[in-house]
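Hello,

Here is the structure I said I would pass on. My notes on it follow below.

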Amino acid sequence: MTDNDQPAGPRSRVERKRNALRLLENEPDLWAATADAAGVPTLMPLTYLWDGGAVWLSTRPTNPTGANLAASGAVRLCLGTTRDVVHIEGTATAFTADALPDGVGDAFAAKGGWDPRKDPDRYDFYRVALDQLRAWGTVPELKGRLLMKDGRWLV
């Protein structure tokens, strides 16, 4: 390891996948990037839930992020640090709180320590299906950073 806790050389794709899954499971928040129909971008930090196959987000449907997710479904998510990046391109499906699949709301609340269903303002949920996932640390890991394509793991 180097002084910044990065391996001296590039990690294998298997190691990067294992790390990406660890981050998805354990990080408290991520960055969500969306854009409106005119292409105006929005970048917001959001609490999330990884259910082992998809990422669940929650925000008010009137917020730019919620409106963009409901309109197009296109989203990019990032978590980790600038030297340990997990970058996801996904497609979101909107759910009202009363239409959530069993267990999602409770799991979301348990992980994040906050239950959007109990907020006085309306919060919707968004299930993000992963289309692509890239993971890399520094420049030597840029090659081979694509670990998932079309929703299927490549490693």
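Which residues of helix α3 (residues 104-112) are buried? First, the conventions: this is a predicted model, in which local features need pLDDT of at least 70 and side-chain atom pairs count only at pLDDT 80 or more, while totals for chains, interfaces and linings use all residues. Residues are numbered from 1 along each chain as its sequence is written, and side-chain values use heavy atoms, with hydrogens and water left out.

Helix α3

The buried residues of α3 are V104, G105, F108 and A109. Buried here means under 20% relative accessible area, exposed means over 50%, and partly exposed lies in between (1.4 Å probe, protein chains only). Helices (H or I, at least four residues) and strands (E, at least two) are DSSP runs, numbered from the N terminus. Seen down the axis of α3, the buried residues fall within an arc of 130°, so they line one face of the helix; the arc is that of the directions from the helix axis to the C-beta atoms. An α-helix has 3.6 residues a turn, so residues three or four places apart point the same way. D106 and A110, on the other side of α3, are exposed. The cover over the buried residues of α3 includes β2 (41-50), β3 (54-59) and β6 (124-136). After α3 comes G113, with a positive phi near 75°.

Nonpolar cores

A nonpolar core is a set of buried Ala, Val, Leu, Ile, Met, Phe, Trp, Tyr and Cys residues joined through side-chain atoms within 4.5 Å. The largest one has 24 residues, and those with the most contacts inside it are L30, V55, L57, L77, L79, I88 and L133. Elements giving two or more residues to this core include α1 (13-26), β1 (29-35), β4 (74-81) and β5 (84-95). β6 gives the most, with 5 residues. A second, separate core of 7 residues includes W56, V104, F108 and F125.

Contact means heavy atoms within 4.5 Å. Leaving aside neighbours within four places in sequence, the contacts of L57 include L30, L77, F108 and V128. V128 is in strand β6 and is buried, with a relative accessible area of 0%. V128 and W50 are 78 residues apart in sequence and 9.6 Å apart in space, C-alpha to C-alpha.

Salt bridges

The structure holds 7 salt bridges, each a side-chain nitrogen of Lys or Arg within 4 Å of a carboxyl oxygen of Asp or Glu. D84 forms one with R11, the closest N and O atoms being 3.3 Å apart. D84 lies in strand β5 and R11 in the segment before α1, so the pair ties together parts that are 73 residues apart in sequence. D84 is buried, with a relative accessible area of 12%, and R11 is buried at 12% relative accessibility.

In another salt bridge, R122 and D124 meet at 2.8 Å, N to O. R122 counts as exposed at 52% relative accessibility, whereas D124 counts as buried at 6%. Salt bridges that share partners join R11, D84 and E141 into one network.

Regards
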